[in-house]
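Let's take a look around this protein together.

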Amino acid sequence: AFDPSVFGEDSLVAQAMRSAPQMLRADMDLENSRLQQRSARAFRWPSVRANASYSRNRSTSGSDAFWELNPQNRGYDVGLQVSVPVPFLRFNEDLDIRAADLSHERAVQSDATTRASFERQVRSALIDLNNAWRSLESAERRAELSAERARLAGEQHRHGTITFISYQQINDAEALTVL
């Protein structure tokens, strides 16, 4: 058994909040929600796409070109595509953005609820640990006092100030106190 007062309560709670799997999962859910919100808003911006390709071909009548492994006709293709969103044609975009915003707000609230619940659990466990430590200290003190009473009763019996029956009753009562 150890004295839990050697740990700083706030630092222990902070460490538990950083390393608990449920807190890591809540942080990941919040980050995913943030990314989905950014993704929904990204459709408002223009986009640029580029592509490049290389091809070789040969065309003949029948199936003569099928077995040609190194055709001589080569083709190169380079493309650039720019898309600019037209706001009044995108009906669902505002709905998607609002849905992503609401989802993010819900994730923020869920994260706060998870954090508060977990902190309450950790602090409750610390209170239980402190109570168990105090109970142990109290039980040790009761055992010391019972042993001292039994020792004093033994000395009184040796000096003849109490009878053997009284001495035995004191020992029995002290044994029950320790249990």
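Keep in mind that this is a predicted model. We start with phenylalanine 164: its relative accessibility is 48%, so it counts as partly exposed, since the exposed label needs over 50%.

How many aromatic pairs does the structure hold? There are two, and here they are side by side:

| Aromatic pair | Centre to centre | Angle between planes | Type |
|---|---|---|---|
| Tyrosine 54 and tyrosine 76 | 5.1 Å | 40° | tilted |
| Phenylalanine 164 and tyrosine 167 | 6.4 Å | 55° | tilted |

Now for the tyrosine pair. Tyrosine 54 belongs to strand β1 (residues 47-57) and tyrosine 76 to strand β2 (residues 73-83), so this pair ties together parts that are 22 residues apart in sequence. Tyrosine 54 is partly exposed, because its relative accessibility is 45%. Tyrosine 76, at 65%, counts as exposed.

Next stop: helix α2, residues 21-42. With 22 residues at 1.5 Å each, α2 should span 32 Å, and its end C-alpha atoms are 31 Å apart, which agrees.

Which residues of α2 are buried? They are Met23, Ala26, Leu30, Ser33, Gln37 and Ala40. These cover an arc of only 110° around the axis, which means they lie on the same side of α2. On the face turned away from that buried side, you'll find the exposed residues Pro21, Met28, Gln36 and Arg38.

Technical notes:
Residues numbered from 1 in each chain as written. Predicted model: local features only at pLDDT ≥ 70, side-chain atom pairs only at ≥ 80, totals over all residues. Heavy atoms only, no water. Helix = DSSP H or I, 4+ residues; strand = E, 2+ residues; numbered from the N terminus. Expected span 1.5 Å × (residues − 1). Buried < 20%, exposed > 50% of the residue type's maximum accessible area, 1.4 Å probe, protein only. Arc of directions from axis to C-beta. Phe/Tyr/Trp six-rings, centres within 6.5 Å; stacked < 30°, edge-to-face > 60°.
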